[in-house]
Amino acid sequence: MLKQASLLAALALLAPLAQAESFCVPGPGDLPETTLQGGLTTAKRDDPLVPFQGERCGMRQVGHEPLALRGSFGDIQLMGLCAYASMRDPSDLTLPTTGTAVIDMRVPSQPVWVQTLRTPAMQRAYSALEIQRSTLVAAFKDFGPGGNNWFDIYDVSGDCLNPRHLATTTTASGNHDGWLTPDTNTYYGIPFGGQTIQQNPQRIDVHVLDMTDKANPLRLLNWNRLQLPAEVQAATLATRNFHDVSTNDDGTRLYLALYGGNNALGGFPADGSGRCANGLLILDSSDVALRRADPQLRYISFVSWCSQPIDPDFGDGSTAAAHATEFVIHENGRPYILSTDESGAGLDGEWNRHPLQRTFSRLIDISDDTNPRVVSTFKPDVNDPDNVAQVMAEQINGGMLHYIGFDDRYKMRLVFYAGANQGIRVVDFRVPESPREIAYYKAPNVATTRVGENDFTRPDPRYDPDNCLIYTGWNQGGLRILELTDPEYNACMRRLTFGIGRIGSGRQRVDFGFEADRKHHGYGDLRGLLVLHDHGTGAKIHLKEVTALGSVHDACGSVLPAQNAVQFDGSGTFNGEAATFRVCVQDNNARIFPGRKPGQSQPPQSRLHVACTSGCTYSVDGTVQVGIIEVQQR
């Protein structure tokens with residue numbers, strides 16, 4: 001053992017080390033990583049005296065709904081001030097808590113699990129939990145019980161806390177992943193597992209539902225790779241599965257991840273024949289989108305990971321299986337596919353399996369979808385093969401870039417990777433050819449985290465652009481709501497607000513005036529003040545220093561999280577004594593001044609909420625009777 005340790009130490013000294021190109025500078029409240037970017041040493045993870053407290057840089061947790069630590073987190077979707085969190089296997093389908101949790105997000109710092117959807121597919125929905133506009137769908141993960149591949153449809157256009165069940169049906173095959181087109185009229189499902197195409201030429205690789213009538217969905221077509229041109233068939237036959245699916249905005253292009261290579265977590269041919277049977281397949285789905293008679297999915301192009309090895313660390317590109325394929329439009333106006341991989345070291349990425357962990361992300365330009373072009377790649381340092389000696393010597397564990405979210409599918413700059421045991425990694429793609437990591441978050445252990453593990457994140461992170469919040473799922477710890485802490489990347493922190501006026505009337509009126517923002521057009525230091533006089537109680541508040549500003553996170557009475565709302569916290573005095581305060585305002589475009597004519601229409605009134613958080617117990621909440629509140633996004 002001593003000789004082995006000496007050898008590893010020597011290797012660590014001799015090997016060239018590729019250091020992290022992370023642009024996150026730790027700030028107040030951060031707990032930065034202490035080893036290679038994306039890594040976690042066994043000693044720190046398994047410390048018997050100090051349970052793992054998590055690591056973070058440029059991000060913080062806003063809220064946490066542990067979901068009773070039920071585990072097996074599936075997927076997340078958002079609608080309004082509601083979140084939906086599903087559950088994958090293993091799970092006990094007979095338990096009332098097994099299913100898709102409906103979560104009240106009106107107070108992001110205090111999410112509340114209000115009910116569980118338990119129709120057949122909702123009991124075990126995974127990556128086929130999808131939402132577009134006001135339609136929520138779920139497919140039972142992989143192959144359903146008794147040969148029934150259950151599929152549920154809900155309407156969330158009304159009260160999002162009480163989705164309205166429209167239909168339950170079955171799909172033609174299993175659903176490991178799925179996609180609901182933006183017009184909500186078509187669902188694509190992807191089976192995973194089962195017989196190979198050689199064993200069963202009728203195997204279904206993609207199945208399609210017509211959802212034009214949400215209460216009566218119809219099977220539209222089934223497709224497999226034997227419908228591809230002969231030369232493309234030959235390139236794809238060796239692998240068993242496709243894995244992920246998405247479409248462009250009008251549904252006329254279909255993007256599929258071919259799950260192959262010689263190091264796939266889900267298995268691969270022992271004879272090596274699947275070496276290059278992995279990558280991105282693009283199909284023309286215009287027949288389906290336009291509901292033409294006898295619809296077909298027609299071949300456009302296939303990019304094997306072997307064909308464009310622009311990063312030398314990929315070798316010949318054959319070592320990992322394509323996992324995710326997400327369609328985005330960059331802020332530069334060009335369409336891309338974001339991809340991730342999955343390979344043999346798995347979600348844990350244990351240090352002694354590091355040579356198997358060859359998983360990376362690609363940004364692929366599909367402006368010419370007959371000739372897709374890999375523009376750039378991204379990987380944390382712990383996945384860099386140049387660091388294998390250090391990883392082995394220091395026993396550094398590292399997961400893999402696995403699932404994908406983004407700030408705006410149609411104007412993408414930031415990508416949120418759910419990196420399994422690497423946690424959430426936030427990467428800035430403003431320059432598509434030069435992605436750079438700007439933040440990360442690894443969750444602390446929870447009561448059900450087993451010895452020798454840390455909690456990992458699996459589903460696609462979802463972004464709430466109105467409130468600049470990132471919704472993430474953790475296998476043991478449940479739902480965690482995060483935010484970025486740099487106003488460069490968190491637009492809600494750049495909001496400006498000011499107001500003057502009165503709530504209430506007569507002797508009970510409350511007069512107020514305030515302003516709060518950041519200097520240098522929203523990117524600098526905080527500044528602001530608030531003066532309030534409650535004539536009914538005699539309370540006088542003077543908030544002199546603003547200590548935080550952003551979207552509404554906390555309980556703020558009638559002021560709810562919204563694009564036109566701001567929360568700022570600060571310190572000052574209450575009736576002359578030191579105190580701290582929370583202030584929440586909502587701008588409803590109302591400008592109300594004395595002298596309104598009788599019968600003149602009343603605009604929606606803006607709102608103000610002020611509460612002591614220490615040093616006093618006062619609070620006030622109401623609509624502006626006279627005056628103005630304004631919120632501006634910068």
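1. Aspartate 75 is buried, with a relative accessible area of 2%. Buried here means under 20% relative accessible area, exposed over 50%, and partly exposed in between (1.4 Å probe, protein chains only). This is a predicted model, where local features need pLDDT of at least 70, side-chain atom pairs count only at pLDDT 80 or more, and totals for chains, interfaces and linings use all residues. Residues are numbered from 1 along each chain as its sequence is written, and side-chain values use heavy atoms, with hydrogens and water left out.

2. Aspartate 75 has a charged partner. Arginine 462 forms a salt bridge with aspartate 75, and their closest N and O atoms are 3.2 Å apart. The pair links distant parts of the chain: arginine 462 sits in strand β29 (residues 462–464), aspartate 75 in strand β4 (residues 73–79), 387 residues apart. Helices (H or I, at least four residues) and strands (E, at least two) are DSSP runs, numbered from the N terminus. Arginine 462 is buried too, at 16% relative accessible area.

3. A salt bridge is a side-chain nitrogen of Lys or Arg within 4 Å of a carboxyl oxygen of Asp or Glu. By this rule, the count is 35.

4. Arginine 45 takes part in a salt bridge with glutamate 350, the closest N and O atoms lying 2.9 Å apart. Arginine 45 is in helix α2 (residues 42–45) and glutamate 350 in the loop between β21 (335–342) and β22 (361–365), so the pair ties together parts 305 residues apart in sequence.

5. Arginine 45 also bridges to aspartate 46, with 2.8 Å between the closest N and O atoms. Arginine 45 is buried at 7% relative accessibility; aspartate 46 is partly exposed at 31%.
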